[in-house]
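Thank you all for coming. I would like to walk you slowly through one structure today, so please take a look at it with me before I start.

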Amino acid sequence: TGVICLPDLLERNRSTKPQRGLSLRERKTNVSGAFAVRERHAQSLRGKNVLVIDDVHTTGATLNECARALFNVGASKVYTLALARVTKDGI
C-alpha cells in the first residue's frame, strides 16, 4: 500500500492515572503533555499526514494529546481511528 507503519512513533513521557472514572476536564489534565514523538521519527513527519489508531475512544483526550505532539513536530494533518467507542450509557 505504500503506507508506513510506525508502532513506536509516540511515547508516553510521564506516568498518568488511569482515565476510567475521570471527568472530561480531569482526563484532559491527566494526559496533558504526556505524549511525545520519538526523536528518531520527528524529522520524517514534517508536512506529512498521520493516522493514529487507538483501541477505545471515550472523550478524545488521549487522541487530542497525541495529535498535539504530532503537530508540534510539523505533521500536516492528523487523522484518528478508534476500534471502539464508549457512549454515555456505557454501551
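Which side chains does a polar contact of 3.0 Å join? The side chains are those of Glu65 and Arg68, where a polar contact is a pair of N or O atoms within 3.5 Å, and, within protein, one atom must be able to donate a hydrogen and the other to accept it, while residues adjacent in sequence count only if both atoms are side-chain atoms.

Before I go on, a word about what we are looking at. This is a predicted model, in which local features need pLDDT of at least 70 and side-chain atom pairs count only at pLDDT 80 or more, whereas totals for chains, interfaces and linings use all residues. Residues are numbered from 1 along each chain as its sequence is written, and side-chain values use heavy atoms, with hydrogens and water left out.

Now the overall layout. The protein chain has three helices and four strands, and here helices (H or I, at least four residues) and strands (E, at least two) are DSSP runs, numbered from the N terminus. Along the sequence their order is β-α-β-α-β-α-β, and the C-alpha trace spans about 40 × 30 × 20 Å along its principal axes. Of the 91 residues in the chain, 29% are buried, which for us means under 20% relative accessible area, with exposed meaning over 50% and partly exposed in between, using a 1.4 Å probe and protein chains only.

Let me turn to helix α3, which covers residues 61–72. This helix of twelve residues reaches 17 Å from its first C-alpha to its last, close to the expected 16 Å, a figure that is 1.5 Å times one less than the number of residues. Its buried residues are Ala61, Leu63, Glu65, Cys66, Ala67, Ala69 and Leu70, and what covers them includes the strands β1, β2, β3 and β4 as well as helix α1. After α3 comes Gly74, whose phi is positive, near 105 degrees.

Glu65 lies in this helix, and Glu65 counts as buried because its relative accessible area is 8%. Leaving aside neighbours within four places in sequence, Glu65 is in contact (heavy atoms within 4.5 Å) with Val31, Ser32, Gly33 and Phe35.

What about the strands on either side of the helix? β3 and β4 run parallel and are joined by eight bridges, and two strands pair if DSSP finds at least two bridges between them. The chain crosses from β3 through α3 to β4 in a right-handed β-α-β crossover, meaning that, with the strands pointing away from the viewer, the path from the first strand over the helix to the second runs clockwise. Asn49 stands opposite Lys77 in β4, and Val56 stands opposite Ala84 in β4.

Finally, the cysteines. A search of the whole structure finds zero disulfides, a disulfide being a pair of cysteine sulfur atoms within 2.5 Å. Cys66 is buried, at 7% relative accessible area, whereas Cys5 is exposed, at 65%.
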